[in-house]
Amino acid sequence: MNILIVYAHPEPRSLNGSLKDFSVQRLEAAGHQVRVSDLYAMQWKASVDAEDDLDHPPGARFEPSLSSRQAFERGRQRADIADEQEKLRWADAVILQFPLWWFSMPAILKGWIDRVYAYGFAYGVGEHSDTHWGDRYGEGMLAGKRAMLVVTAGGWESHYGPRGVNGPIEDLLFPIQHGILYHPGFDVLPPFVIYRTSRMDEDRYATVCHHLGERLDTLFSTAPIAFRPQNAGAYAIPALTLRDEFAPGEAGFQIHVARE
Ligand code: FAD
């Protein structure tokens, strides 16, 4: 199978760098084709701007969504964007690996999403009708592919537990797993999170690699998070609210994960 690792850490000798190298070796040893987008090494341009549309007239007002749509449709995106879209088309599974920085992904990775996820590629696809509100949340250009987060965090696991002060990790990762990955169609696997990174030594590193290796070995068999498809009846359209019979009386991110 084809696997793309999108990796965001500025230091190759970091814990993240070691884990990325481990993942490449493990996946290749299992017979997979692996490509890595090492965003810092690529000096990835993180900001959306008019230069992303090769046809943007100098001095003209820049409208990010419209410009993205037109450049994508005309094949006039900057080459770095088109190259990453090609990698996404090629991949059967995508791993986003990053340190948790201020409760989210590093800015360079967010900038990869902002630019690579073009209008017409990752959003703005499919018909809108009384029963179908675009191809998204379970449908879309990336449907049929799997995605998984590999995240390191300085905080303890309990800090990210159900009553932890940082908020539950599944809530913190919801905008990435649901909003960024499930939205364009990925099946999203449970994340692999390494907590309390300052307490890493050789023994613990070996244990972490053992567990990460198991997750990589089961990349194509692990059950995805049961996010609810948008167009399969659970949501009222066009309000896009979860119907009362699902998670009755509840609110918040986790109502969008099916438990029935
Ligand atoms: P490193 O610092 O490279 O390594 C961590 C430890 O692992 C070190 O002790 C190192 O010696 C050891 N190590 C590295 N490689 C190996 C190896 N091969 N074998 C054995 N040991 C090894 N944390 C939070 O929880 N929430 C936040 O919101 C948050 N925000 C942050 C914002 C910023 C801007 C920064 C800089 C940090 C933030 N942190 C936060 C902490 C951050 O998540 C951790 O520092 C990061 O995840 C550690 O990953 P690293 O790859 O940089 O580790």
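A residue counts as near a molecule or strand if one of its heavy atoms lies within 4 Å of it. This is a predicted model, in which local features need pLDDT of at least 70 and side-chain atom pairs pLDDT 80 or more, while totals for chains, interfaces and linings use all residues. Residues are numbered from 1 along each chain as its sequence is written, and side-chain values use heavy atoms, leaving out hydrogens and water.

**View 1. The shell around the ligand holds 19 residues.** H9, N16, W102, T152 and Y160 are the closest. By class, the shell has ten nonpolar, eight polar (Gly is counted here) and one charged residues.

View 2. A polar side-chain atom of H9 sits 2.7 Å from a ligand oxygen atom.

**View 3. Strand β3 (residues 93–99; strands are DSSP E runs of at least two residues) is largely enclosed by the rest of the structure.** The reason is that seven of its seven residues are buried, meaning under 20% relative accessible area with a 1.4 Å probe and protein chains only. A93, I95, Q97 and P99 cover one side, and V94, L96 and F98 the other.

**View 4. β3 pairs in the parallel sense with β1 (residues 2–7) and runs parallel to β4 (residues 146–152).** Pairing takes at least two DSSP bridges; β1 and β3 share five, with I5 partnering I95. Seven bridges join β3 to β4, where V150 stands opposite Q97.

How values were computed. A polar contact is a pair of N or O atoms within 3.5 Å; within protein, one must be able to donate a hydrogen and the other to accept it, and residues adjacent in sequence count only if both atoms are side-chain atoms. Buried means under 20% relative accessible area, exposed over 50%, partly exposed in between (1.4 Å probe, protein chains only). Helices (H or I, at least four residues) and strands (E, at least two) are DSSP runs, numbered from the N terminus.
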